[in-house]
Amino acid sequence: MTRYFDKLETRSQDERAADIAKALPEQIARAKALPGYAAALADVDPSGVTSISDLASLPVLRKSALVEAQKASAPLGGYNARPAQDFEHLFQSPGPIYEPGGTGHDWWRMGRFLHACGIGQGDIVQNCFGYHLTPAGMIFESGARAVGASVIPAGTGQTELQIEAAAALGSTAYAGTPDYLKIILDKADGLGTKLGITKAAVGGGALFPSLRDYYEARGISCLQCYATADLGNIAYESASKEGMILDEHVIVEIVTPGTGIPVAPGQVGEVLVTTLNPDYPLIRFATGDMSAVMEGESPCGRTNLRIKGWMGRADQTAKIKGMFVRPEQVAALVARHDEVAKARVVASREGEQDVMTVQLETPRADADSYQESIVGLLKLKGRVELVAPGSLPNDGVVIEDQRSYD
């Protein structure tokens with residue numbers, strides 16, 4: 001018998017619509033009072049926005065606009081309902097873009113996903129999401145606290161120390177990017193160390209079917225969520241593994257990329273999210289991610305709308321090893337080196353891990369001389385391929401994602 005996180009997960013569609021009709025106008029009114037929305041929502045009557053279809057008349061908030069607003073009105077661009085100094089945490093993600101964070105009960109709503117993973121009281125979670133500046137580590141720690149699990153704040157890297165801690169402290173669950181658990185397991189095998197991890201809650205990148213199969217063959221149940229630093233949890237898998245169920249405190253639209261116009265049911269489009277978080281009310285926030293709505297309800301009994309999960313980017317931005325790489329970062333790399341005429345980042349997969357290759361058009365022959373700039377600007381280590389000037393395709397592509405998501 002399925003145990004649910006709360007009664008919200010099994011509401012009827014009429015009950016959910018009625019709750020949204022009450023909460024959404026309140027959130028629009030809350031946002032309208034903020035400096036960041038002063039112009040965009042000036043003519044909007046919050047009482048007239050009571051459903052997902054009503055949202056289509058409102059403007060889209062893009063991350064680029066949020067970045068510019070933060071530059072003009074530091075640190076959060078006027079989109080925060082609490083003063084920045086009243087938040088328990090403030091984070092910096094690549095861009096740079098700054099996000100607030102709270103330590104109140106399940107502020108990012110990750111507990112619902114961890115509960116669906118079967119994680120709860122008695123579990124010890126090896127949290128391998130980053131704690132340094134970016135919020136992922138705290139997002140998952142907050143969720144673990146909501147379900148009563150203990151946390152090892154492991155962060156990223158230092159694989160042998162991770163294994164030592166997991167074995168000594170008895171980790172039963174993993175939280176982190178899909179790839180890194182395999183690195184830990186393979187290294188533990190080589191060291192002859194037996195780990196007790198049987199559950200995995202992953203995010204920050206695509207969970208490829210072959211990798212999930214690998215974990216399940218080792219007796220590890222692995223489920224994925226769809227979350228962002230700005231919004232917290234958006235959708236999550238349940239044990240049925242049929243699509244991703246929307247969180248109960250967000251409203252999701254699928255629109256034609258760049259327009260904000262809703263697509264027909266089932267069609268692929270860009271994901272817009274309106275969060276009901278009163279502290280940081282993002283309205284029609286464009287994630288840049290592509291997905292599609294699925295028909296029907298999940299076999300697990302949860303009744304909220306489902307999406308098909310991550311289906312690529314509406315722009316050329318790619319998530320590699322759990323980090324976004326954006327076209328403007330590639331442009332900055334070219335600008336830093338006068339001898340580089342053009343650059344192209346290629347994302348691929350090898351041995352169930354993401355690989356980033358940076359191709360540079362340059363007459364130079366010393367590839368290692370570019371590593372410092374690549375790590376500094378792209379925030380990732382990668383292979384460097386130096387190619388002859390004029391040899392990269394003139395097709396406007398600066399980030400090429402060769403990974404298959406089938």
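Author: Gladly, and let us start with a pocket: helix α1 gives the largest share of the lining of the second largest pocket, nine residues. Helices (H or I, at least four residues) and strands (E, at least two) are DSSP runs, numbered from the N terminus. This is a predicted model, in which local features need pLDDT of at least 70, side-chain atom pairs count only at pLDDT 80 or more, and totals for chains, interfaces and linings use all residues. Residues are numbered from 1 along each chain as its sequence is written, and side-chain values use heavy atoms, with hydrogens and water left out.

Reader: What makes a space a pocket, and what volume does the second largest pocket have?

Author: On a 1 Å grid over the protein atoms alone, a pocket is an open set of points with protein on both sides within 12 Å along at least five of seven lines, whereas a cavity is a set where a 1.4 Å probe fits but cannot get out; lining residues have an atom within 4 Å of a point. The second largest pocket has a volume of about 580 Å³, the space filled by probe spheres set on points joined across faces, edges and corners. Its lining has 29 residues, and the closest to its centre are Arg16, Ile20, Val250, Ile251 and Asn304. The elements that give two or more residues are α1 (13-32) and β11 (250-255).

Reader: Why does Ile197 count as buried?

Author: Buried means under 20% relative accessible area, exposed over 50%, partly exposed in between (1.4 Å probe, protein chains only). Ile197 has 7% relative accessibility, so this residue counts as buried. Ile197 sits in the loop between α7 and β7. Contact means heavy atoms within 4.5 Å, and beyond its neighbours within four places in sequence, Ile197 is in contact with Ser171, Thr172, Ala173, Tyr174, Leu181 and Ile220.

Reader: Which residues of α7 are buried, and what covers them?

Author: In helix α7 (residues 178-191), the buried residues include Tyr180, Leu181, Ile184 and Leu185. Their cover includes α6 (159-169), β6 (173-176), β7 (199-202) and α8 (209-217). Just after α7, Gly192 has a positive phi of about 75 degrees.

Reader: How do you know that the radius of gyration of the protein chain agrees with a compact globule?

Author: The radius is taken over C-alpha atoms, and the globule rule is 2.2 Å times the number of residues to the power 0.38. For 406 residues a compact globule would be near 22 Å, and the protein chain has 22 Å, so the two agree.
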